[in-house]
Amino acid sequence: MSFLYEVMTEEFGKRYISEVELPTIIKNNLNKRFEIRPYQKEVFQRFILFFNNSFENKQNPPFHLLFNMVIGSGKTLIMAGLIIYLYEKGYRNFIFTASSTNIIEKTKDNFLNSYSSKFLFSDYITCDNKNIKIKEVDSFETADRDNINICFTTIHQLHIDLNCEKENSLSFEDFKQYDICLLADEAHHFNTSTRNGQGELFESWENTIIKILEQNYKNILLEFTATIDYEHKNIIEKYKPKVIYRYDLKQFRSDGYS
């Protein structure tokens, strides 16, 4: 079986993919200071095709995708655009997780601080002529149905919260009750069980994430990493149907961005 990005190229063809129109909701609601590069546009085009079309060897929901993109290629901008697109599709609740607090704080700045030079959204985010706010939440019990709710947490803290339930924190019940998109950055850190050949009963960050995904067939897991071990049998077996886009350092340099 080919990787998902190869399957989609074979199924739709490069020309058809390139002709997919970038939705207005993405173009209008990302910060105009950051021009959408051609490869970033293709990421959106591929996701839109995947999300809206059936094709041979497409995975069944809940959807789990991986974006394998080199450092500096704008993965966080892609996340921002996908959040906006999924909002239009009915999603209101998002979790951003990573392995370090440093990444969490930087991403909060990108998503929440409109005074930051790296703020990724427009000053006014709109959908169907309504203004939308991005709100940080600790859990989804008080989530705002009209706006974008994002919980920021390290994978370590998420793992603890879900496996040692306490008041006013996330629980597995949240993921059954609400349709949630989980954005996992530096996702190569979350593959301990797969890499070591351990079963799904082994307690790990990886199995916590998979358990989240499986609570509700409408949940979505979007993983992002610059690093994937294409030589490791278990990793390849897991990710062949999930790698929707691959953009490595060689291509990044060839395109003149490094």
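Modeller: Strands are DSSP runs of E with at least two residues and helices are runs of H or I with at least four, numbered from the N terminus; two strands pair if DSSP finds at least two bridges between them. The model is predicted, so local features need pLDDT of at least 70 and side-chain atom pairs count only at pLDDT 80 or more, while totals for chains, interfaces and linings use all residues. Residues are numbered from 1 along each chain as its sequence is written, and side-chain values use heavy atoms, with hydrogens and water left out.

Colleague: How do you know how confident the predictor is in this protein?

Modeller: pLDDT is the predictor's confidence in each residue, from 0 to 100. The protein averages 91, and 96% of the residues score at least 70.

Colleague: What makes up the open sheet?

Modeller: Seven strands with parallel pairing, in the order E5-E6-E2-E7-E8-E1-E9.

Colleague: Why are E5 and E9 called edge strands?

Modeller: E5 (134–136) and E9 (243–247) each have a single partner strand, so one side of each has no neighbour in the sheet. On average, neighbouring strands are turned by 20° against each other, direction ignored.

Colleague: What makes E5 and E6 a pair?

Modeller: Three bridges join E5 to E6 (residues 148–154), and the requirement is at least two, so they count as paired. Lys135 stands opposite Asn149 in E6.

Colleague: How do you know which helices lie on the sheet?

Modeller: By contact, which means heavy atoms within 4.5 Å. Helix H6 (residues 101–112) touches E2, E5, E6 and E7, and its direction makes about 160° with that of E6. Helix H5 (residues 75–88) lies across E1, E2, E6, E7 and E8, running at about 165° to E8. Such angles run from 0 to 180 degrees between N-to-C directions, with axes fitted to C-alpha atoms, for helices over the stretch in contact.

Colleague: What makes E1 covered on both faces?

Modeller: Phe63, Leu65, Phe67 and Met69 are buried on one side, and His64, Leu66 and Asn68 on the other. Six bridges join E1 to E8, with Phe67 opposite Phe224. Four bridges join E1 to E9, with Asn68 opposite Arg246.

Colleague: Why does Ile244 count as buried?

Modeller: Its relative accessibility is 1%, so Ile244 counts as buried. Ile244 is in strand E9. Leaving out residues up to four places away in sequence, Ile244 touches several residues, including Leu4, Arg46, Phe50 and Leu65. Arg46 is 198 residues from Ile244 along the chain, yet their C-alpha atoms are separated by 7.2 Å.

Colleague: What makes Tyr39 and Phe252 an aromatic pair, and how are the rings set?

Modeller: Rings of Phe, Tyr and Trp (its six-membered ring) pair if their centres lie within 6.5 Å; planes under 30 degrees apart count as stacked, over 60 as edge-to-face and the rest as tilted. Tyr39 and Phe252 have 6.4 Å between centres and 85° between planes, which is edge-to-face. Tyr39 is in H4 (residues 38–52) and Phe252 in helix H12 (residues 249–254), 213 residues apart. Phe252 also pairs edge-to-face with Tyr247, at 6.0 Å and 80°.

Colleague: Why are Tyr247 and Phe252 called buried?

Modeller: Tyr247 has 3% relative accessibility and so counts as buried; Phe252, at 5%, counts as buried too.

Colleague: How many aromatic pairs are there, and which rings form a cluster?

Modeller: There are 22 pairs. Ring pairs link Phe12, Tyr16, Phe50, Phe55 and Phe63 into a cluster.

Colleague: How do you know which charge sits over the ring of Phe50?

Modeller: The test asks for NZ of Lys or CZ of Arg within 6 Å of the ring centre and within 35 degrees of the ring normal. The charged end of Lys58 sits over Phe50, 4.8 Å from its centre. Lys211 lies over the face of Phe172, at 4.3 Å from the ring centre.

Technical notes. Buried means under 20% relative accessible area, exposed over 50%, partly exposed in between (1.4 Å probe, protein chains only).
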